[in-house]
Amino acid sequence: MKDFIAKDGYLSLIILSLIFIFVWIFYSFSILLLALIVICIFLFRAPKRELACSDEKAIFAPIDGRVAKIENIHHKDLGECVEITIKNALYDAGNFNTPFAMSIIDIRLRHGLFLCSELKSAKMMNERAFILAKVKENKTIALRIYAGSFDRKLKLDNISHDLKAGDRMGFLINGSISLLLPKDTRIHIGLNDEIKAGSLLGYFA
């Protein structure tokens with residue numbers, strides 16, 4: 001099951017399955033409970049995603065979704081940088097992985113609400129994580145991870161200091177991830193592109 005279902009969905013799937021079996025044995029077959037089990041399997045599915053290439057300078061999509069924003073910004077920790085935001089919809093697979101090899105400097109987790117990501121206040125009020133890290137050639141990057149309205153807790157895996165590209169970082173049901181990259185990054189995707197985890201976003205200069 002671990003190769004097909006994300007571990008974040010184990011508890012929900014086990015509870016629903018036990019209730020379904022109990023109801024079937026002592027009452028009758030429940031189409032509603034069976035439908036809930038199928039929905040649970042769909043939401044927590046974990047398809048295997050291969051990295052698009054083996055280039056050490058490559059930047060990969062951390063999660064399935066749509067490219068919602070590409071813009072130049074100024075960040076207090078990074079200075080001038082490029083922000084790429086990927087929104088993960090309810091129908092997208094929710095496993096998220098490291099977009100490149102990196103050494104983590106700091107992780108800041110902010111507990112909050114689980115509002116619809118379309119609301120302007122969601123980025124300020126939703127539960128979120130900020131990860132600051134170093135990549136090759138001593139470049140500093142950051143990841144912003146936002147929980148969505150169907151997430152009930154933003155939980156990161158036990159992340160080690162040094163991560164390889166494609167290592168699992170956690171799970172989102174319908175959140176978003178922003179990559180804050182050096183301003184000289186070469187970007188190979190466009191706004192509103194539908195992408196899969198592991199697909200190529202661009203290259204470090």
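The following legends accompany views of a predicted model of a single protein chain.

**Figure 1. Overall fold and dimensions of the chain.** Three helices and 13 strands make up the secondary structure of the predicted chain. The radius of gyration is 18 Å, close to the 17 Å that the globule rule gives for 205 residues, so the chain is as compact as a globular protein of that length. The C-alpha trace spans about 65 × 35 × 30 Å along its principal axes. Among contacts with a separation of 6 or more, 70% are accounted for by residues 24 or more positions apart.

**Figure 2. Surface and charge of the chain.** Of the 205 residues, 44% count as buried. The chain exposes about 11,200 Å², and carbon and sulfur atoms supply 59% of this area. The side chains include 27 positive and 22 negative ones. The centres of these two charge sets lie 3 Å apart.

Figure 3. The model contains six aromatic pairs, one of which joins W24 and F29. The ring centres of W24 and F29 are 5.2 Å apart and their planes stand at 80°; because an angle over 60 degrees counts as edge-to-face, the pair is assigned to that class. Together with F20, these two residues form one aromatic cluster. W24 has a relative accessibility of 49% and therefore counts as partly exposed. F29, at 39% relative accessibility, is likewise partly exposed.

**Figure 4. The stacked pair of F44 and F171.** The rings of F44 and F171 lie 5.3 Å apart, centre to centre, with 25° between the planes, and the pair is classed as stacked. F44 is located in the loop between α2 (31-43) and β1 (58-60), whereas F171 belongs to strand β9 (residues 168-171). The pair therefore ties together parts that are 127 residues apart in sequence.

How values were computed: Residues numbered from 1 in each chain as written. Heavy atoms only, no water. Helix = DSSP H or I, 4+ residues; strand = E, 2+ residues; numbered from the N terminus. Rg over C-alpha atoms; globule rule 2.2 N^0.38 Å. Buried < 20%, exposed > 50% of the residue type's maximum accessible area, 1.4 Å probe, protein only. Contact = heavy atoms within 4.5 Å. Areas by Shrake-Rupley, 256 points an atom, 1.4 Å probe, with all protein chains shown as cover. Lys, Arg positive; Asp, Glu negative; His and termini not counted. Charge placed at Lys NZ, Arg CZ, Asp CG, Glu CD. Phe/Tyr/Trp six-rings, centres within 6.5 Å; stacked < 30°, edge-to-face > 60°.
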